[in-house]
Amino acid sequence: MTKPNILILMVDQLNGTLFPDGPADWLHAPHLKALAARSTRFRNCYTASPLCAPGRAAFMSGQLPSATGVYDNAAEFASSIPTYAHHLRRAGYRTCLSGKMHFVGPDQLHGFEERLTTDIYPADFGWTPDYRKPGERIDWWYHNMGSVTGAGVAEITNQMEYDDEVAFNATRKIYDLSRGADARPWCLTVSFTHPHDPYVARKKYWDLYNDCEHLLPQVPAIPYDAQDAHSKRIFDANDWRSFDITEAHIRRSRQAYFANISYLDDKVGEILQTLKDTRQEAIVVFVSDHGDMLGERGLWFKMSFYEGASRVPLMISAPYMEPGLQTTPVSNIDICPTLCELAGASMEEVLPWTTGISLVPMGQGQERTEPVAMEYAAEASYAPMVSLRHGKWKYNRCALDPDQLFDLEADPHELTNLADHPAHQGTLESLRGKSEARWDLGEFDSDVRKSQARRWVVYEALRQGGYYPWDYQPLRAASEQYMRNHMDLNILEDSKRFPRGE
């Protein structure tokens, strides 16, 4: 059987509630809507952890943060943990990454044979939280509400410059893959940083939403004293007291966010058109690492198990998966085993330690009953938090906080905690039992503290004297580009052309 090519389109901080069945009707996203029409669409897909690095390491490895040790945005992703890039490469694939994956540590490839760009975020331990100092803000890298008060229009930003480069390199690589110089099947991962804040967009996309009816959250801001314990910690971590958030700020932030979805849609369209123009076929996966609260309840960004931050879009266009909507909860850790099954790549040696479950059977009409698990042990937490989504229920547990139980069918905005409701004690005890069987929160907390303490020592040591960064330096072999004197011009011109000349 011929192994299929695979194109993974990953975005950052895209709220999954905006993708009830592909992009919401009112979003200006024609290319994503066309992709949705030919994809298996997962309405209730969740991140393994609502933060960039832990969510991405889990997505790549098929394992939760408690297994990978990637608890936060400064935790090292160990080279010994296989990713889908390792599994596919071992099975004969050419693996390539253009864009962000937020790898922390000296291994900046993690199975990718080639990486076309540097990362947008640092690879060292400088963003390590510290459970020994609850409530401490590290102002130079913690989120604050300046992303909201500063929302607006710009034609170039740090993030636009990055994503423009990501798309350029991706289309250039697809052209290169079409030339047939390498007979291996390929897996190309294209990973953007939008629509992650700051909420700034180009005017052409901003203007698409001037009359948008969705510029205010469905659930207005809840007063600080009425928030749950973890949401209060998020408010404090975001330095909310230093900012006066107005309705105009909220509208502008959401307008920019929606505009950047349309910006990404253009990038996706460009990439898919290049694939079509070069007459190549590929399985296409569209996914995000986590969501964004977008002002719901007064919360912004991620770091929460609420739907806006924890739910992500997932669409898979593959020959062995029927297009259509799946509503059973799944996780982005399921993507690694799904890719391996679609590619015929074995994960047999590591399956006993892999939490993710292939989604291919769901795309063939089979049911799934396993609960979806989430973890969070990063900024704004003082102890690990865990969650289970099982059927219509979501159950959240933390040693510091009261339990939370939500019926997402009756209460999609998670406004009523049923954990103390007499009628739901049976459900609570059942889910608590499943949670306790999966997690020892005391052991989890100890592991996180040990990791944090070690990293603080190493980071402070490595910042003394000579400094060698781990940030990826893209290789540019200029002597192998274009025309050089060790090349035959006649062969060169023909081999670099698609389609070939007569």
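Which residues of S16 are buried on one side, and which on the other? In this predicted model, Trp393, Tyr395 and Arg397 are buried on one side of the strand, and Lys394, Asn396 and Cys398 are buried on the other, so that both faces of S16 are covered.

Strand S16 spans residues 393-398. Because six of its six residues are buried, the strand is largely enclosed by the rest of the structure.

S16 is joined by six bridges to strand S15, residues 385-390, and the two run antiparallel. Within this pairing, His390 has Trp393 of S16 as its bridge partner; Trp393 is also one of the buried residues listed above. S15 and S16 form a hairpin with two residues between the strands, where Gly391 adopts a positive phi near 60 degrees.

S16 also pairs with strand S17, residues 404-407, through four bridges, and this pairing is likewise antiparallel. Here Tyr395 stands opposite Leu405 of S17. S16 and S17 make up a hairpin as well, with five residues between them.

## A three-stranded open sheet

Elsewhere in the model, three strands form an open sheet in the order S10-S3-S13, with mixed pairing. Its edge strands are S10 (311-312) and S13 (330-331), each of which pairs on one side only.

Strand S3, residues 45-46, is joined to S13 by two bridges, and these two strands run parallel. Tyr46 stands opposite Ser331 in S13. As a general point, strands of a sheet pair through backbone hydrogen bonds, either parallel or antiparallel.

## Cysteines

A disulfide is a covalent bond between the sulfur atoms of two cysteines. How many disulfides does the model contain? The count comes to zero, where a pair of cysteine sulfur atoms would have to lie within 2.5 Å to qualify.

Cys52 counts as buried because its relative accessibility is 1%, the cut-off being under 20%. For Cys187, the closest cysteine sulfur is that of Cys96, at 9.2 Å, and this distance is also too far for a bond. Cys187 is buried too, having a relative accessible area of 1%.

## The largest pocket

The largest pocket has a volume of about 940 Å³. Its lining consists of 23 residues, and those nearest its centre are Glu114, Arg172, Lys173, Asp176 and Gln481. H6 provides the largest share, with four residues.

What is the make-up of the lining of the largest pocket by class? It has twelve charged, eight nonpolar and three polar residues.

## The second largest pocket

The second largest pocket has a volume of about 800 Å³. It is lined by 32 residues, of which Thr17, Gln218, Arg311, Pro412 and His413 lie nearest its centre. By class, this lining comprises twelve nonpolar, eleven charged and nine polar residues.

Methods. Residues are numbered from 1 along each chain as its sequence is written. This is a predicted model: local features need pLDDT of at least 70, side-chain atom pairs count only at pLDDT 80 or more; totals for chains, interfaces and linings use all residues. Side-chain values use heavy atoms; hydrogens and water are left out. Buried means under 20% relative accessible area, exposed over 50%, partly exposed in between (1.4 Å probe, protein chains only). Two strands pair if DSSP finds at least two bridges between them. On a 1 Å grid over the protein atoms alone, a cavity is a set of points where a 1.4 Å probe fits but cannot get out, and a pocket is an open set with protein on both sides within 12 Å along at least five of seven lines; lining residues have an atom within 4 Å of a point. Grid points are joined across faces, edges and corners, and a volume is the space filled by probe spheres set on the points. Ala, Val, Leu, Ile, Met, Phe, Trp, Tyr, Cys and Pro count as nonpolar, Asp, Glu, Lys and Arg as charged, and the others, Gly among them, as polar.
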